[in-house]
Each structure stands twice: as structure tokens, then as C-alpha cells.
Amino acid sequence: MADHVDPLAAVRGPGDPAYDVYLTGTVFLDIVFTGLDHAPIRGTESWARGMGSSPGGIANMATALARLGLRTTLAAAFGTDIYGDYCWESLADSEGVDLTASRRVPGWHSPVTVSMAYEGERTMVTHEHPAPPTATGPPPLSRACVTAFEPGRQDGWVGQAHARGSQVFADVGWDESGRWDIAALPDLPYCHAFLPNATEAQRYTHTDSPEHAVRALADLVPIAVVTKGPQGAVAVDSLTGEYADVPGLAVDALDPTGAGDVFVAAFMTGTLAGWPLADRLAFANLTAGLSVQHFGGSLSAPGWPEIAAWWAWATQPTVAQRTGPQHAQTVRRYRFLDRLIPAEVRDCSRLRALPTIGFRGA
């Protein structure tokens, strides 16, 4: 494929695992309505100027990883309804995600989420039946795996993956109990990199800033990252002794769905490739910034063609003349992209899954 970049080519060797990343979770069919003038109003009918469908849930992360060139394998349940067919085909055929560890479940209704995007925010409605179990044995060998911690929950496969040499990357959700006890994350000791957002990190560490929180988390895990939304991210890599605080890109955000997954996928890519910490954070900020400029979760995850297109735009002399010193600083920060983007990728476009379940094999 002309748009394919293997970011780990320089570190691959004989005897490496077949997969770069393993992940498991629930796949949703996401239906996203866009172009709404306002939030839905009770008792009225709203019209959307745009609509798209795509695999969502854990598929957001799987797609983001695969589009960045990581060999990604997913263990998930898929219904045998048309929604399950569409999600399976989109991931396996269009995105190149390995589904060997996944299975089809007759009679199980695929989970569906309807997302309504307006004013840079979103409102979601979900219908879901409990997902049947997917992983029945130890996870396949992989360089890394990705998970989301929940307070009080321990996933046996995380410890298994760690014991088999996989680097565990994790974020965490909101603590509904309000206790924010770091000891309630039993899989944290297996973690190679922990990537909470600023609010979560400060509550878990009882600190008053992302910078203080990341220092406290660095005492618990080898790599600590705290995301700050549009302000970027701050990180400590205790393995290399690096500290980095990299600002985000100024973009017009349309839909934040999946931006966190894109950030984690990009940071994983740079970490597995051995990039400097500041470059990893900058790359993650860039990909997340590109994703929020489009609607949908997996639909908006950027690949190398989108990254190359942004870099080509950013380095145009006319752009630098219009935007001034701040843009020049951004270009200097991202100069490492020159060595990552092959020439053949810079002018190509990517064929992806059609953003609707309506067109099939015409």
C-alpha cells in the first residue's frame, strides 16, 4: 500500500511477536449526526445536515493503532446482525485489524450508540445488551497491549500479558464512587505507561496541577503521562530520565469523540519505536488535534496521509508568512516528521470504510 508506513521497521528483528498491540473490549456501531444547530429539544424534531456510521467503542483505539501502522489484534464479540457484519468488515477488510481472537455471536444484538454533535460537544444515546465474554485464554504474544482501568476491577489478561513480556499502556475512567483511591487500581503495578487526563490524575494523586500529578505518578509507573486537553500533555519517562511538557495544537474542534484513543495510540507508536519523549508527546498531540477536526470516533482517526498533508501545509512558506512566530515554533517542534514520512506517502490518499452501512459491494 502506498500509504503504509511501518513506524517500527527500525526496531523489528527475528523472533519478534507477530503483533505489535493486543486489545480487547466491546465494539459498538456508532451513528453520528452532524450539522445540528442546537441540542435536541424535548417534543421537537431536529434535522441533521450530515450523518456517518463507523465501528466505535474499542474499535476507535484499534483503528487508530492500525492507521498508524501498528500490527493490531483485537479480541471482541460481534453480533451476526447487519451491524456486526459492517463492523467486522470495516475493521478486518478496510483497516487491517486482525480479528483472529474475535468471534461472532449468533442472537446477540450489536451495541449501538447514536451521537449528536453540536457546538463542539456531543450527546450520546446507547442501546446495549451485556457483551458475551471474548477472551477465553491467555492473550496472544504482542509487544504491547492497551487497557482502560476501572476502580476495583482486575482483568486477569493484563497480568498474563505483562508476564509474557507485553508492555501495558492504560488510561482510566471516572471514579463514580468518588474515593479516587490509587490502590483501587489493582492492575497498575503491571503498567508500563499510565495516561490519565489532568482531572483524573490530580484526584488520584491529591495534587493541584498536572505537573505535580505526573511527578507523583512517575513514582508508581515507568512512564507517566497526563493529558491537558487543548493545552497538550506533560510526561515523565523514568526509564530514560526524560521530562517533557508539550503544548497542544490550536485547532477548531468539531467532535472530540475518540481523541483520547488517538492520543494513546500515537504515544504508544512513538514509545515502541524508541522516540524521544518530547517527540512522542508532540506526535500524540498532533494526531489528537487532527482527529477532533472531523466527526466520529474511528472515522476521524488520522493515518500517515493525513499527517503528511498537515506537515506539507505547515511547512509552506506562505503559511509561515501569514501566521508568524508561533507557527514557526510549531514547525521547529515537528521537524522530526521529516524523517518519518516517506516521500511516496506525501501525495497519496487513503481508501477507508464507507461511512455508512447503506452502501455494500456496489
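A pocket, on a 1 Å grid over the protein atoms alone, is an open set of points where a 1.4 Å probe fits, with protein on both sides within 12 Å along at least five of seven lines; lining residues have an atom within 4 Å of a point. Its volume is the space filled by probe spheres set on the points, which are joined across faces, edges and corners.

This is a predicted model, where local features need pLDDT of at least 70, side-chain atom pairs count only at pLDDT 80 or more, and totals for linings use all residues. Residues are numbered from 1 along each chain as its sequence is written, and side-chain values use heavy atoms, with hydrogens and water left out.

**Exercise 1.** Describe the second largest pocket.

*Step 1.* Start with the space: about 390 Å³.

*Step 2.* Now find the centre. Of the 15 lining residues, Leu-249, Ala-250, Gln-326, His-327 and Thr-330 are the closest to it.

*Step 3.* Look for helices (DSSP runs of H or I, at least four residues, numbered from the N terminus). H8 (304–314) and H10 (325–333) each give two or more residues, and H10 gives the most, with 5.

**Exercise 2.** Work out what the pair of Tyr-22 and Trp-157 ties together.

*Step 1.* Check the rings, which pair if their centres lie within 6.5 Å and are edge-to-face with planes over 60 degrees apart. Here you get 5.3 Å and 80°, so edge-to-face it is.

*Step 2.* A strand is a DSSP run of E, at least two residues.

Note on methods. Rings of Phe, Tyr and Trp (its six-membered ring) pair if their centres lie within 6.5 Å; planes under 30 degrees apart count as stacked, over 60 as edge-to-face and the rest as tilted.
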